[in-house]
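Dear colleague,

Please find below the structure that I am handing over to you, followed by an account of what was found in it. I would be grateful if you read the notes with the structure open beside them.

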Amino acid sequence: MKRLFYIILLVVISSLRVEAQNPGWIVPDDQKAKICLVKFTPDMLKQGEALYMKNCQSCHGIPTKKNFAAISPTPGDLSEPKVGTQKDGELFFRITTGKAPMPEFRNILTEDERWSVISFLRSFHKGYFQPDPEKMAGSIGKRIKLAMTYDTVKKKIMIKAIELTKEGPQPAKGAEIIVFVQRYFGNMQLTDTKRTSENGFAGFDWPQDLPGDKNGNVILGARVNDPAGKMQEAVVKDTLAIGVPTNKPALTDTRAMWSTRDKAPVWMILTYTLAVIVVWYFIIFIILSVLDMRKIKQA
Amino acid sequence: MDENTVNKKDEQDPSQSSRRNFLKNIGLLGAGVAAGAGALYSGDIFEKKKAATGESKVLLTQDNRLVEVDSLEMKALAKNPTKLMLEKGREGIEGRRWVMVIDLSKCRNARRCIAACQDAHQLKPEQYHMNTLQMQDAPGTSPYHMPKNCQHCDNPPCVAVCPVDATYKRGDGIVLIDNERCIGCRFCMAACPYSARIFQWTSPKDADKHAGEAYNVELNVPQKLGTISKCLFSADRCREGKLPYCVSACPNGVYYFGDENEDGVTNGTTKETVRLSKLLRDNGAYQLMPELGTKPRVYYLPPKNRLFPFEPSTD
């Protein structure tokens, strides 16, 4: 009995050790199955290379050169078979989510950009064949098209999701939609994500105080949020005049002490001018008085 | 007579024929030369055109438009590039008011912001545009790290005291310094309540290497001996639509940067964009020494629920 207990304990401990050695960057199965929906092209590879050099090279080094950064955990060279044997979906998931100290590229690279980085990495992996997107199309399922309108009565942005099926377009039910507003340094998500209703619509409350440009124009975008990769990434972008018209003057337009001469405060200009006039008045007064004294002397 | 005339004719004939031939030859030669010249000329034009369409370059114009220009049609301006950059640097980016938000609860003194800043602005390791300070507000309270840079005040005392208009504020809120004008009087250093400015007491970093380079007022490089230097909110990066050097270098999500007019700020680490007004309202944002009336453009979020325990700096 005691022996059995020890055996069980040993098994448990050894399994725990395996757990510890594999410090879980586990990719869910549905993510592993995700594939790129277009064939990798030389253009994609080129774009991927540029993106890699900008975003990844500082840690991972140049592929095949093994000049990755000496940090812990080691970033490793991405041309190695350890990476090459992973599925496209795994690489995509790892790039998307990151794992400290590797940053997540969810908001830094678009899906297309992440795929082009993968296409660049794949050019180093011998024996890699890209899964044919057309053959796989059945298993990855839905192709979604989005349309955006603004409901002036409900003050909502209405997104209509249409699924392109073999039988023709049909409203897509239950698609998770993200709506974002373009700002100078990035896209700002509007409220939480919403799922489309039976007839393919999702409504997003439009904040009535969000600034637009001087005509109130804002650039809006919507996309399907689909981490499982069951739907093809669909994006719609539009400019709508629904923001608060914002045309604030430049900060240098107001008169201030610190500003340049032509933007000096009025009281300062007046006081200064008055002071100059007073000083000159007295100088001229004195000169005239001296002249007068000479005249009196001569007379 | 007849013979004579015939003879004369015979005599005259060769002369006549030679004149005709001469004229004919001249005509031919002229036509030939004209044709040749024409061919050469058109060839030349073709060559020029070929060269002109051969190589095109994409350039950023002064009003921030990307244009494609042919390499042959580009003419170097006699104007000094430093002067051009100075003129451009005096005007802010239209319709923008830059604002920075620093979340103190996320800072763990990684000092990447400092490194990126010093790298971009050619600063020595002991010179800071951006620094992280160790703070403790009262004896019983928890210490925290506080990144501190120029606050780009809307009522900047440093600009008011400058006697030579070297430091100035732009329409988009950035306070810049023109090292070509600066006389090194250090009035601005004395006026700044945030101690944001540094003085180049000794020869700047890699001064020999950068000698003779055109001066870029939006980057403060090359740094000049005997003048002031300070944080510029990375005016050059803002122009390109990129986040400042420090903001994008932070690994911990401390910095938000954006446009107050748009009410949106973007986190440098996650690149997530949020509403500025909501961020400030929800987190009890504050400014440094607002009682001085300097109206800073940098906001701080208090070091509440710190993500990282306080570890005193080793350097």
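Among contacts in chain A between residues at least 6 apart in sequence, 59% link residues that are at least 24 apart. Please bear in mind throughout that this is a predicted model. The secondary structure of chain A consists of 9 helices and 9 strands, and buried residues account for 22% of its 299 residues.

As to confidence, chain A has a mean pLDDT of 84, with 87% of its residues at 70 or more. Within chain A, the lowest confidence falls in helix H1 (residues 2-21), with a mean of 56, and the highest in helix H9 (residues 266-298), with 96. Over residues 16-22 of chain A the pLDDT stays under 50, and the model shows 0 contacts beyond four places in sequence for them. Where pLDDT is low, the predicted coordinates should not be read in detail.

Helix H9(A) deserves a separate word. From its first C-alpha to its last, this helix of 33 residues reaches 48 Å, close to the 48 Å expected at 1.5 Å a residue. H9(A) is also hardly covered, since 0 of its 33 residues are counted as buried.

Turning to the strands, E2 (residues 156-165) and E3 (residues 168-171) of chain A pair in the antiparallel sense over 4 bridges. The two form a hairpin, with 2 residues between them. In this pairing, Leu164(A) stands opposite Pro169(A) of E3(A).

The chains also meet: 21 residues of chain A are in contact with 30 residues of chain B. On the side of chain A that touches chain B, strand E5 (residues 186-189) of chain A provides the largest share, with 3 residues. That side divides into 13 nonpolar, 6 polar and 2 charged residues.

Finally, the nonpolar cores. The largest has 78 residues, and those with the most contacts inside it are Ile177(A), Val179(A), Val101(B), Cys246(B) and Tyr255(B). Strand E3 (residues 98-103) of chain B contributes the largest share of this core, 5 residues. Leaving aside neighbours within four places in sequence, Tyr255(B) is in contact with Met100(B), Ile102(B), Cys246(B), Val247(B), Cys250(B) and Gly268(B). A second, separate core has 17 residues, among them Cys36(A), Leu78(A), Phe92(A) and Leu109(A).

With kind regards

Definitions and conventions: Residues numbered from 1 in each chain as written. Chains lettered and ligands numbered in written order. Predicted model: local features only at pLDDT ≥ 70, side-chain atom pairs only at ≥ 80, totals over all residues. Contact = placed C-beta atoms within 7 Å. Nonpolar A, V, L, I, M, F, W, Y, C, P; charged D, E, K, R; others polar. Buried ≥ 20, exposed ≤ 12 C-beta atoms within 10 Å, placed from the backbone. Core = buried A, V, L, I, M, F, W, Y, C linked by C-beta atoms within 7 Å. pLDDT = per-residue confidence, 0-100. Expected span 1.5 Å × (residues − 1). Pairing = 2+ DSSP bridges.
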